[in-house]
Amino acid sequence: MKKIFSAISCFVVLSIFTFSGCDKNEGCSSEPNLLVSQDQLAIDIAAIDAYLLENEITAQTDETGIRYVINKEGTGGKADLCSITTVTYQGKLMSNGAVFDSRDTPISFPLRNLIVGWQIGIPKVKEGGTITLYLPSVYSYGSRANGDIPANSNLIFEITLLDVN
């Protein structure tokens, strides 16, 4: 009986050492979740395009419908969904320009834990880069209100990517 217990103990200890060395990215999805209401996305894109036209902003278009302007490309590494990103940012409502969130002090987040719009937009610049994202509501908070952000709000984010790990 002691031999069986000893063999099981050895297996458990070896398993702990084997699996504790797993890659930090294990289980990390490489693609954001893009399952959204196509009807709401069309409404959002029309509103964003009207805003850009009215404000004479020339933005690039991502295949998802997100519009963006790279203000500074950056020179460091690029983020992916499995990265921890350190950023400063300001978020505004597109409807009235009201700032709903701002961070001048660097803050770090796992990119996979952020809204889909950031998951799509942040990898477009390198460390040291800045980007302006024009996010359809379906890639931010969607049909639910969140604090000062009303339901179905298109958002503008000015983001500086400081570090990628």
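Author: Let's start with a term: helices (H or I, at least four residues) and strands (E, at least two) are DSSP runs, numbered from the N terminus. This is a predicted model, so local features need pLDDT of at least 70, side-chain atom pairs count only at pLDDT 80 or more, and totals for chains, interfaces and linings use all residues. Residues are numbered from 1 along each chain as its sequence is written, and side-chain values use heavy atoms, with hydrogens and water left out.

Reader: Okay, in which strand is Thr132 found?

Author: Don't look for Thr132 on the outside: its relative accessible area is 3%, which counts as buried (under 20%; exposed is over 50%, partly exposed in between, with a 1.4 Å probe and protein chains only). As for its place in the chain, Thr132 sits in strand β5.

Reader: How far apart in space are Thr132 and Phe157, C-alpha to C-alpha?

Author: Beyond its neighbours within four places in sequence, Thr132 is in contact (heavy atoms within 4.5 Å) with several residues, including Ile156, Phe157 and Glu158. Along the sequence, Thr132 and Phe157 are 25 residues apart, but in space their C-alphas are apart by 5.5 Å.

Reader: With which side chain does Thr132 make a polar contact of 2.8 Å?

Author: A polar contact is a pair of N or O atoms within 3.5 Å; within protein, one must be able to donate a hydrogen and the other to accept it, and residues adjacent in sequence count only if both atoms are side-chain atoms. The Thr132 side chain makes a polar contact of 2.9 Å with the side chain of Asn71. The polar contact at 2.8 Å is with the side chain of Glu158.

Reader: How many residues apart are Asp49 and Arg67?

Author: A salt bridge (a side-chain nitrogen of Lys or Arg within 4 Å of a carboxyl oxygen of Asp or Glu) joins their side chains at 2.9 Å, N to O. Asp49 belongs to helix α2 (residues 38-54) and Arg67 to strand β2 (residues 67-72), so to speak distant parts of the chain, and the gap is 18 residues.

Reader: How many salt bridges does a search of the whole structure find?

Author: One of them brings together the side chains of Lys124 and Asp62 at 2.8 Å, N to O. That pair spans 62 residues, from the loop between α3 (116-121) and β5 (130-135) to the loop between β1 (60-61) and β2. Both Lys124 and Asp62 are buried, and the search total for salt bridges is 2.

Reader: What is the angle between the planes of Tyr51 and Tyr134?

Author: Rings of Phe, Tyr and Trp (its six-membered ring) pair if their centres lie within 6.5 Å; planes under 30 degrees apart are stacked, over 60 edge-to-face and the rest tilted. The count comes to 5 aromatic pairs. Tyr51 and Tyr134 form a tilted one, with centres 6.2 Å apart and planes at 45 degrees.

Reader: Is Tyr134 buried or exposed?

Author: Tyr51 is partly exposed at 22% relative accessible area. Tyr134 has 6%, which makes it buried.
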